[in-house]
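Visitor: Please walk me through this model, one question at a time. Where do we begin?

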Amino acid sequence: MASDAFDPQTDYPLGSRRPELVSTPSGMPLDEVTLDAARAGSLTADDVRATPQTLRHQAAVARAAGRGPLADNLERAAELAAVPDDELLEIYTALRPGRSSVAELDGWAARLDAHGARETAAFVREAAAAYVERGLLRDTAES
Amino acid sequence: MTGENGRFVSRAAKELRREMLVSPAPELGLVAANGPNDPEPELVIESGVVTRMDGRAAADFDVIDRFVVAHGLDLEIARGAMQLPDETIARMLVDVDVPRADLVRLARGLTPAKLARVAGMLDPVELMFALKKLRARRAPANQAHVTNLKESPALLAADAAEAAARGFAELETTVGVARYAPLNAIALLVGSQTGRPGVMTQCAVEERRNLELAINGLVTYAETLSVYGTEPVFVDGDDTPWSKSFLGAAYASRGVKVRFTSGTGSEALMGCAQGMSMLYLEARCVAVVRAAGSQGVQNGSISCVALVLSLPGGSRAILAENVIAAWLDLEVASGNDAIASHSAIRKTAKLMGQFLPGTDFVTSGYSVMPRHDNTFGGGNYDADDLDEWLTIQRDWQVDGGIEPVAEGEVTRIRAKAARAIQAVFEVLGLPPVTDAEVEAATSGYDSNDMPDRDRATDVEAADDALARKVSGLDVALALDSRGFTDVAEAIVGMQRQRVCADYLQTSAVIDRDGLVRSAVNDPNAYLGPGTGYRLEGERWELLQALPHVVDATRLGTAPDGRVAPLAEAREAARGGDPAEVVIAVGPAFGDEIRETIAGLDHGDVVAAIVDGVRDAGGVPRIVRVRRVADVAFIAHDGAQLSGSGVALGIQSKGTAVIHRADLQPLDNLELFGMSPLYSLESYRAMGRNAAGYALGQRVGPVPTELDNFARTKLIVRTTLLHARETHAVEADAPAVDLELRAAPVS
């Protein structure tokens, strides 16, 4: 009896237990991700990735298994699924030590909020606060 | 005085002594565990806020403390857990009745200092037991390194295929020249899926490039995210816990399984251990790894292993850090990849700590190619050590994650992978892989056997492949167009795995049917004998059947169709000639068994003894003793029949003894027990001596050599030959006279 309700205790692995809940970002069902589809050109490389919804399901599985930090990380991953590749790498660089001012980190947090990535935005703001305390901001003496 | 005692001089020249051992220097971080400056475990919570941890007030928390407090520590559990005495927790770790789930829950509330303190209380066997209990996934597995100095795509693909066929669950490559990354990643992907569908791959390169490879579906995991146990070293590594954690989420968002990397010794090596022990700093690392939301860690000192092993308790500390990581519910790829020692004895002694309990990945990279092609600078165990690894698995009945595969199958799979990558390069317009490369990659030893490629053209093509965003799907379609449909299907299968993302859960590997097995659906539930993962059944059959195993029932059988060298004449009676020397052979001699353990034909052996007897003036007579197989009794029975009272008894395996009728059966005149070393000349000398005793001459013992390995080498053959001799015994049969046929038929 298939149901849309997802049970993180019993529905893992999604690929074998609940394939009908999984699709590509364009909405292609998991079962159609096949060599035939690739031959026919209906499956494209940038569509072969997990959706935010799938990553949230995985986060729920991790949380149900008692792995809170992993679940948090997968929730951030779900948020970041929609963030463009270049932006992702720019934010990573901005978070490295001595790269950003508080204002710049706040700017990235706002951008993340705009993508709907609220948890990750909060994570970046938390980093900014820690960097202030530990002297890990860009040396802005000259500016 | 040194350098004078011969034995000291000899030992000082051994490989082991290339390594330096040092006394601890805690102020430099050169102390393996339980350092004198390590803080007392401490956690103060006021109004739901942590105000002190492990010797520091909140205002002084560095980035590691802050991050662990914010994202790692479960304060609700901590309230109770931190109150428990160290000894109580240590006992729980080795209590077979305390399940993993309870320990893992407890760890969420323990500070790094407490984790290090408790793990530091366990001795090596206790640590191994704790690790066996705490491993996240039910069954252990292993990871391979696949690289070569020439960055030859055919050789990479062939090695990846062999590694996959041998059961490695993950394959890691890297680059000598960074720009090669996409080509190496493609070769690894094609090779791995040729060897076994479902094997995960990674290409260890700089993060941006790595992420690009992942986005294009060319790799499925990453373990390049390093963390360190002190703030200055963390920052020197150009990261913070937040940047690394963010990167982990970024990888996961692109469907990449992420494992962080840490290990004892790195802080001391980088000059800022802040006076703390290596184990305490590593506890801080893995606390960060868990807090950052990584499913796992590669730890166990990794590249600093030789530094940790320079200190007292180094091996134990490395095992303890694996235990702490597993205790924190992390997947553990437990090191054993970087060369730990020049000494094979020492590095294998160290390996046992992870090998016997089994970890999620027993090594973080077993070099499937010869060591000199390992561009990780590692290769603790490599292609030339494979039989040893497989034999040790068989010895201990332990699954170290590597399967024996026969040469024919290895050749087939390597050839297929090399041809597959040849096809992919051609279809995708990459610089051609020649037939000569395919051939050399299939059966060569290492990259020295590979034809040189135009490397300038290769790196340009690699840049172009990245710019064109050559993807996993492109690779699959290229393979499909050239008839490698099964490999193409496997690569599409890996793309499907990226879509459902099941392998992002803790300790995930993918089996050959495409089913993800992780700590969620295939957890370690060890609770003592008879439970958990045990190497039994089909898997045990597989791991014991090494290609060079000999069928015990077929060893030493008589070759078909050869005429026996000795013919039975009549029942033997006592002889009357005082010069007579009986040559008494065993029940199977020259019959069911035709040669000695040294490979000498029985006919030739008897002829040599006969020569020797005659040489010294004796009269030889050949007799078969049928009632016993023991050489002393064969000779003693012979002596009873001998006109002189002297006989030379010989067993089929070649062991001989000279006996005299008046001696006790287990006494003798001369015993020749080193049968593997005897030549026909030795047997001639034995014949001369036997005649010498018979005629009352002065006799010097037959000179014999000593080979201390003879028993090791030949004990199995000895056992089987003796079993055949024993089988040929007829309890009440009298001895019979034999005649030596004129010349051995050959």
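Guide: Domain 1 of chain A and domain 2 of chain A bury about 700 Å² between them. Buried area is the accessible area (1.4 Å probe) that two parts lose on being put together, summed over both. Of this area, the share on carbon and sulfur atoms is 53%. This is a predicted model: local features need pLDDT of at least 70, side-chain atom pairs count only at pLDDT 80 or more, and totals for chains, interfaces and linings use all residues. Residues are numbered from 1 along each chain as its sequence is written, chains are lettered from A and ligands numbered from 1 in the order in which they are written, and side-chain values use heavy atoms, with hydrogens and water left out.

Visitor: In domain 1 of chain A, which residues lose the most area to domain 2 of chain A?

Guide: Domain bounds come from an automatic or database domain assignment. Domain 1 covers 1-82 and domain 2 covers 83-143. Six residues of domain 1 of chain A touch 12 residues of domain 2 of chain A, where contact means heavy atoms within 4.5 Å. Three residues together give 75% of what the domain 1 side buries: A:Arg76, A:Glu79 and A:Leu80.

Visitor: At roughly what angle do the axes of α4 and α7 of chain A cross?

Guide: Helices are DSSP runs (H or I, at least four residues), numbered from the N terminus. Axes are lines fitted to C-alpha atoms over the stretch in contact, with angles from 0 to 180 degrees between N-to-C directions. Helix α4 (residues 68-80) and helix α7 (residues 118-134) of chain A come within 8 Å, and their axes cross at roughly 110 degrees.

Visitor: Is α4(A) roughly parallel or roughly perpendicular to α7(A)?

Guide: Angles under 35 degrees count as roughly parallel, over 145 as roughly antiparallel, 65 to 115 as roughly perpendicular and the rest as oblique. The α4(A) side of the contact is A:Arg76, A:Glu79 and A:Leu80, and the α7(A) side is A:Arg118, A:Glu119, A:Thr120 and A:Phe123. The crossing of roughly 110 degrees therefore makes α4(A), relative to α7(A), roughly perpendicular.

Visitor: How do α16(B) and α17(B) lie to each other?

Guide: Helix α16 (residues 314-327) and helix α17 (residues 344-355) of chain B come within 10 Å. Their axes cross at roughly 20 degrees. The two helices are therefore roughly parallel.

Visitor: Which residues of α17(B) make the contact?

Guide: From α16(B) come B:Ser315, B:Ile318, B:Leu319 and B:Asn322. The α17(B) side is B:Lys350, B:Gly353 and B:Gln354.
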